[in-house]
Amino acid sequence: MEHHANIVPWHMLVAERGIVLRYIPITPDGQLDLSNLDALLTDAKVLSFTSMSNVLGTINPSKFLCAAAHRAGAIAIVDGCQSVPHMATDVQDMGADFLVFSSHKMCGPSGLGLLWGRQQLLDAMPPFMGGGNMIADVRLDGFTCAELPAKYEAGTPPITEAIGLGAAVAYLSKIGMNNIRAHEIDLATYTMNQLTQRFGQDIVIHGPTNIEVRGATHSFAFKDLHPHDVSQVLDQNNVCVRAGHHCAKPLMRLLGANATVRASFYLYNNHQDADALCDALEQASEFFSPS
Ligand SMILES: Cc1ncc(COP(=O)(O)O)c(C=O)c1O
């Protein structure tokens, strides 16, 4: 269920270093199938997983997965791009070794991503990029690295973006991440109920039905209509969704779809938005029905 961002770099390491990739399978309701996890992790060096799927909305059991990785002697890398904006994050409690997330998915500016890492690991690794700012000293015969975090921040940083993200974090923190999660649970419950009540078998919502293990991201197939056709009619009705493969082509293959329509809700959405989505879907149904 990973975004290409957590697949392609590993493929690149297969080519560069000959590492071996293994994948955790997915259950029919879009959760990780953990029945064979310990066997899959035998001799693994890294377990890298998303804490929340950007397609299915699935919230993965991050703490359990980090513990399983450590039992196997592997490190745990968490792709928090979807969970960090939508729920409280505690990297210590989770037991993550590394966690990444993006500014632009949490009301911040684009062009900025964040990596949190355990100090011991960050200290042990060599810098991945050289330049200004990341040095304590430079001589003709070599250089010494700056202390963390500057060691990994070569060059002039995205100053404007970092200040913008700081404002976004302050804004979200003031609202409260637990309040945002509670709001989205309410919204996802309402939306799932409305979609299934109004469209029955005409809609297939991918991912878990249990709201406890899903966010407010709804990917679906509607009738036999192409997702891009659906999204165009929704757009004409002022409902903005994304249609496409959502940078998760392996998952699309598993779903047997080229694409899905995805309606993603955040703190600024409400029940009226869910109603507008349903009304616009009725328009799409009418528009494409053979007369
Ligand atoms: C789960 C997940 N991981 C990774 C990414 C990639 O983030 P970025 O585009 O900031 O590299 C995204 C979104 O694009 C995502 O939803």
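Q: Which residue is the bridge partner of Ser219 in β10?
A: In this predicted model, Ser219 is bridged to Arg262 of β10. The two strands involved, β8 (residues 217-222) and β10, run antiparallel and are joined by 4 bridges.

Q: Which other strand pairs with β10, and in what sense?
A: Strand β9 (residues 242-244) pairs with β10 in the antiparallel sense, over 3 bridges. Within that pairing, Gly244 has Thr260 of β10 as its bridge partner.

Q: How many residues of β10 are buried?
A: In a regular strand the side chains alternate between the two faces of the sheet. As for β10, 4 of its 5 residues are buried, and the strand is mostly covered.

Q: How do β5 and β6 pair?
A: Strand β5 (residues 135-139) and strand β6 (residues 142-145) are antiparallel, with 4 bridges between them. They form a hairpin with 2 residues between the strands.

Q: What is the volume of the second largest pocket, and which residues lie nearest its centre?
A: Rolling a probe the size of a water molecule over the atoms shows where empty space is left. Here the second largest pocket has a volume of about 610 Å³. Its lining comprises 25 residues, and Cys240, Ala263, Ser264, Phe265 and Tyr268 lie nearest the centre. By class, 11 of the lining residues are nonpolar, 10 polar and 4 charged.

Q: Which domains and elements supply the lining of the second largest pocket?
A: Domain 1 (4-126) and domain 2 (177-283) each give at least three residues to the lining. At least two residues come from each of β10 (260-264) and α10 (271-288).

Q: How many aromatic pairs does a search of the whole structure find?
A: A pair of aromatic rings is described by the distance of the centres and the angle of the planes. The search finds 3 aromatic pairs. In one of them, the rings of Tyr266 and Tyr268 have centres 5.6 Å apart and planes at 80°, so this pair is edge-to-face. Tyr266 counts as buried because its relative accessibility is 5%, whereas Tyr268 is exposed, with a relative accessible area of 61%. Phe287 and Phe288 also form an edge-to-face pair, at 4.9 Å centre to centre with 85° between the planes. Phe287 is exposed at 58% relative accessibility, while Phe288 is partly exposed at 29%.

Q: Which peptide bond is cis?
A: Most residues other than glycine have a negative phi, and most peptide bonds are trans. The bond from Leu148 to Pro149 is cis, with omega near -5°. Pro149 sits in the loop between β6 and α6 (159-175).

Q: What is the phi of Asn238, and what is that of Cys247?
A: Asn238 has a positive phi of about 65°, although it is not a glycine. Asn238 belongs to the loop between α8 (227-236) and β9, and is exposed at 74% relative accessibility. Cys247, also a residue other than glycine, has a positive phi near 55°. Cys247 is in the loop between β9 and α9 (249-255); with a relative accessible area of 23%, Cys247 is partly exposed.

Q: Is Gly95 buried or exposed?
A: Gly95 has 13% relative accessibility, so it counts as buried. Its place is the loop between α4 (91-94) and β3 (98-102).

Key: Residues numbered from 1 in each chain as written. Predicted model: local features only at pLDDT ≥ 70, side-chain atom pairs only at ≥ 80, totals over all residues. Heavy atoms only, no water. Pairing = 2+ DSSP bridges. 1 Å grid on protein atoms, 1.4 Å probe; cavity = no way out; pocket = protein on both sides within 12 Å on 5 of 7 lines; lining within 4 Å. Points joined across faces, edges and corners; volume = space filled by probe spheres on them. Nonpolar A, V, L, I, M, F, W, Y, C, P; charged D, E, K, R; others polar. Domains from an automatic or database assignment. Phe/Tyr/Trp six-rings, centres within 6.5 Å; stacked < 30°, edge-to-face > 60°. Buried < 20%, exposed > 50% of the residue type's maximum accessible area, 1.4 Å probe, protein only.
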